[in-house]
Amino acid sequence: MTGSLIVQSDKTLLLEVDHPDAEAARRAVAPFAELERAPEHIHTYRVTPLGLWNARAAGHDAEQVVDALVSHSRYPVPHALLVDVAETMARYGRLTLDRLERPSGDDAGAEGVTAASMLVLRTTDRAVLAEVLRHKRIRPLVGDRIDADTVTVHPSERGHLKQELLKVGWPAEDLAGYVDGEKHPIALAQDGWSLRPYQEQAVEGFWHGGSGVVVLPCGAGKTLVGAAAMARSGTTTLILVTNTVAARQWREELLARTSLTEDEIGEYSGARKQVRPVTIATYQVLTLKRKGIYPHLDLLDARDWGLIVYDEVHLLPAPIFRMTADLQARRRLGLTATLVREDGRESDVFSLIGPKRFDAPWKDIETQGYIAPADCVEVRVSLPDAVRMAYAVAEPDERYRSASCAAAKTAVVEQLVQTHRGQPTLVIGQYLDQLAQLSDKLGAPLITGETSVTERQELFGAFREGEIDLLVVSKVANFSIDLPEASVAIQVSGTFGSRQEEAQRLGRVLRPKGDGRTAHFYTVVSRDTVDAEFAAHRQRFLAEQGYAYRIVDADDLDQLDVTPAGG
């Protein structure tokens with residue numbers, strides 16, 4: 001056998017990167033396997049139950065997964081692993097949440113259930129139902145047995161039950177449907193544009209599944225998928241976003257791309273408290289806590305919402321998960337560039353927002369010309385001996401900041417900015433004092449969390465219009481910032497080893513360019529420090545998507561090929 005993949009009995013997959021079949025194998029395993037390590041020659045993936053269940057919910061069956069493993073494997077695949085894959089995927093759907101019509105004239109029943117129907121947990125395998133009902137965290141969430149295959153569930157426990165069932169390895173497929181919500185007609189504008197094929201597929205996948213997550217690369221038009229889902233729903237909609245700038249960008253996009261008028265769209269943020277048929281709220285205002293309570297939680301019941309959209313669902317704060325557990329009767333759409341969460345709560349996204357309904361590999365979208373090709377470069381900087389010694393004796397919790405903010409990075413940033421002079425460039429970092437120094441050195445405006453929303457919008461607008469071509473930005477630019485012409489990003493520091501942040505930052509430069517040029521993404525790293533270790537971890541998700549980082553020594557930057565031609 002000559003395949004590029006080695007499939008091991010511990011459910012790890014080793015991919016030989018330089019093999020001619022490597023790209024095809026990577027695409028085949030991406031729907032169900034997670035990349036764990038990505039050094040130069042061998043990438044390590046892991047097959048997990050959650051990955052298999054997400055694949056199953058997205059329409060992949062065990063036969064497809066087995067075929068992907070067998071057809072790309074260099075050696076015979078362990079039979080026990082193939083059996084385990086099939087049996088794990090078969091666990092999804094053996095329990096279902098559904099509606100049971102009441103007999104006519106029967107008005108009795110569990111409290112809170114409508115006279116027309118009741119929420120029930122059903123099984124196609126009685127032993128499974130008997131097993132889960134013995135768990136002490138599950139038994140209080142269900143009511144009376146209706147028959148050997150069915151037990152009632154109080155509507156308020158729909159989300160909590162799904163969470164607990166997933167924890168014990170029996171994920172329930174939610175077929176219980178949703179409230180219709182308050183009708184409100186929304187149409188997509190038809191003025192010289194249309195949805196791209198993958199956007200249409202994403203909307204169909206979401207709508208057919210009922211609720212769930214659409215995963216698309218940054219710059220691939222997730223907002224338009226949200227708008228199309230709103231048009232499909234034709235109901236009042238609550239949109240939850242990361243910050244006020246993102247809220248206003250959503251508003252502008254909806255006004256441009258749909259039939260909605262300014263009077264129909266409300267903003268619910270720190271500055272405004274408008275509740276309208278389409279209301280855009282920030283995560284911050286919903287999770288604001290005063291004297292032990294969330295004063296703005298009433299927004300979730302302010303109208304009979306037919307659809308709730310969660311933008312950047314990978315950043316969903318923990319309190320929103322708890323709130324979402326009580327919103328299971330409402331249709332929910334999560335939008336994200338990556339399902340990776342650094343807090344490990346991917347299972348809660350699966351249970352409470354819904355499983356992955358559509359996922360488009362970044363390189364596939366690039367090949368179709370909808371996002372720009374990108375050249376990723378890690379620039380390694382050597383620290384002077386005195387700085388290296390200070391780093392060596394620093395306390396462990398101070399080392400990352402010390403390495404990230406090394407003064408030696410400044411000259412590298414200046415050189416890269418000069419190399420790309422005239423191209424719209426973002427310098428992105430984590431530490432405000434470092435960014436302030438770079439802003440002064442480069443003579444460029446600085447945007448941080450302390451910058452007013454008005455000033456941010458003015459600076460971003462000037463950048464979009466070409467009036468300025470260099471911005472220094474903090475992590476406020478990690479997400480939901482629309483800067484289509486940005487073509488160069490220089491990362492000087494980040495949130496430790498955050499894979500999601502790395503993906504978001506690359507995404508800032510992936511909008512297709514008018515002249516087809518390649519985007520450039522640089523990460524400047526201090527050699528032989530935790531900065532370099534975290535950088536390797538940060539790059540894992542993008543390696544999974546097919547992006548390879550070139551490693552260049554800072555002393556060799558003058559020899560760097562930065563040909564801007566697209567392709």
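Glu 312 sits in the loop that runs between strand 14 (307–310) and helix 11 (318–324) of this predicted model. Its phi is near 50°, a positive value in a residue that is not glycine. With a relative accessible area of 5%, Glu 312 counts as buried, because the cut-off for burial is under 20%.

Next comes the nonpolar packing. In soluble globular proteins, nonpolar side chains tend to be buried together. The largest nonpolar core in this model has 66 residues, and the members that touch the most others are Val 214, Ile 239, Leu 254, Trp 362, Leu 506 and Tyr 547. Helix 8 (residues 222–233) supplies the largest share of this core, with six residues. Apart from this core lies another, of 25 residues, including Leu 240, Ala 281, Tyr 294 and Ala 325.

Beyond its neighbours within four places in sequence, Tyr 547 is in contact with Trp 362, Lys 363, Glu 366, Ile 371, Ala 374, Cys 376, Leu 506, Leu 510 and Leu 542.

Helix 19 (residues 499–507) contains Arg 499. Arg 499 has a relative accessible area of 9% and is therefore buried. Its C-alpha atom is separated by 28 Å from that of Gln 418, a residue 81 positions away along the chain.

Technical notes: Residues are numbered from 1 along each chain as its sequence is written. This is a predicted model: local features need pLDDT of at least 70, side-chain atom pairs count only at pLDDT 80 or more; totals for chains, interfaces and linings use all residues. Side-chain values use heavy atoms; hydrogens and water are left out. A nonpolar core is a set of buried Ala, Val, Leu, Ile, Met, Phe, Trp, Tyr and Cys residues joined through side-chain atoms within 4.5 Å. Buried means under 20% relative accessible area, exposed over 50%, partly exposed in between (1.4 Å probe, protein chains only). Helices (H or I, at least four residues) and strands (E, at least two) are DSSP runs, numbered from the N terminus. Contact means heavy atoms within 4.5 Å.
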